[in-house]
Amino acid sequence: MKLGTRLSVAFGTILAILATVTAIGLIQLREIRVLQNEVVEHDHLAELAVRWRGETSVNLTRTLAIAKSGGLQSLSDYMQPLIKQTSQGITEIQKQVKGSTSDPRAAELLEAVGERRQAYLDARDKVFGLVKAGDMLAASSEMDAQLVPASLIYLESIDNYATYQHELSEQARQIATEHISWSIWLIGMLAAAALGAGAALSVIIGRSVTRPLERAVAASESIAKGDLTQSISVDRSDEVGRLLQALHVMQGQLHRTVSQIQAATDGISTASTEIASGNLDLSARTEEAASSLQQTASSMEQLTSTVKQSADAAAQANQLASSASSVALRGGQVVSQVVATMDEINTSSKKIADIIGVIDGIAFQTNILAL
């Protein structure tokens with residue numbers, strides 16, 4: 001397997017584990033976020049139920065005050081608007097809770113709360129009717145017999161709904177905690193696996209690269225020192241194997257080159273011996289040529305004296321030629337003057353010819369006139 005493939009497999013394995021860790025973490029975070037939203041929703045519904053119960057208790061207390069007041073009109077006039085306003089608020093809370101409830105069991109409990117509320121409102125309206133009619137004894141009796149039991153059942157149903165929402169919230173919290181614990185454990189295991197795989201792969205790949213490279217370095221150092229006898233074994237086909245193969249080929253080429261240089265050196269030594277013997281013959285011949293050169297030198301001295309006399313004669317001839325050149329130059333100037341004078345004479349001759357022509361014309365006309 002090539003080094004690039006090994007590195008790709010190693011890093012691909014680590015990246016795959018990290019991608020798995022990331023994917024699991026994202027999935028668990030999404031689940032935890034959903035569970036947190038459920039916790040918030042259930043807590044909100046439980047809070048609304050608690051407010052619902054509190055508002056109902058306040059209205060029940062106001063109703064009991066009116067029924068037990070013995071027909072005090074001012075108290076009834078003061079409490080009735082407050083009771084109506086609080087009932088409207090409870091209705092809005094009921095609508096909000098109903099719109100946010102999706103659990104089937106919670107929907108059943110909420111429906112039971114609605115039924116109990118309606119029974120409570122019916123009993124309260126009946127008590128208010130008796131109070132308005134002035135029958136306070138009947139109103140107090142109706143309150144004890146119907147309104148109070150209905151209100152207790154109504155409040156109990158609200159408590160049941162709120163308790164169930166608290167249970168759902170706690171259940172969602174517990175599931176979220178389990179998800180968090182499981183995610184931490186799984187991510188930790190996968191991270192440890194990634195670290196272990198990375199360490200193991202780094203050691204394996206490092207050894208598979210460094211050891212052959214050390215062999216290549218040792219072979220290169222041997223070749224650099226001039227030792228071409230070391231054996232370079234190639235037992236792999238990756239990039240390091242190609243390097244070892246190239247070193248093996250280079251060693252062979254260098255060995256052949258050195259052998260050729262040694263053979264050429266032997267040839268040069270033989271040729272040098274032959275050249276030395278030839279130089280001895282050349283030295284003897286050079287001595288013979290030296291004696292001939294001495295004779296030639298004496299002849300050259302005689303020739304030099306002759307050449308010197310010829311040079312003196314040539315110098316005199318050169319001086320005479322310079323004089324002749326000066327004379328020729330002055331003659332050229334005189335000739336130029338003569339040419340200029342001849343040009344002037346020629347111009348004057350042309351003018352004289354013109355004058356003669358005129359005179360001839362006048363003479364001809366005079367002869368005609370004479371005739």
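I take contact to mean heavy atoms within 4.5 Å, and I keep in mind throughout that this is a predicted model.

**Entry: which residues of H2 meet H3.** On the H2 side I listed Gln 80, Ile 83, Ser 87, Ile 90, Thr 91, Gln 94, Val 97 and Lys 98, and these meet Leu 110, Gly 114, Arg 117, Arg 124 and Phe 128 in H3.

**Entry: how the two helices are set.** I looked up the axes of H2 (residues 73-100) and H3 (residues 104-133), which come within 12 Å and cross at roughly 165°. Because angles over 145 degrees count as roughly antiparallel, I noted H2 as roughly antiparallel to H3, and I recorded the crossing of the pair as left-handed.

**Entry: H3 from end to end.** At the start of H3 I found a side-chain oxygen of Asp 103 to within 3.1 Å of the backbone nitrogen of Arg 105.

Conventions
Residues are numbered from 1 along each chain as its sequence is written. This is a predicted model: local features need pLDDT of at least 70, side-chain atom pairs count only at pLDDT 80 or more; totals for chains, interfaces and linings use all residues. Side-chain values use heavy atoms; hydrogens and water are left out. Axes are lines fitted to C-alpha atoms, for helices over the stretch in contact, and angles run from 0 to 180 degrees between N-to-C directions. Helices (H or I, at least four residues) and strands (E, at least two) are DSSP runs, numbered from the N terminus. Angles under 35 degrees count as roughly parallel, over 145 as roughly antiparallel, 65 to 115 as roughly perpendicular and the rest as oblique. A crossing is left-handed if the near helix is turned anticlockwise from the far one by less than a right angle, and right-handed if clockwise. A polar contact is a pair of N or O atoms within 3.5 Å; within protein, one must be able to donate a hydrogen and the other to accept it, and residues adjacent in sequence count only if both atoms are side-chain atoms.
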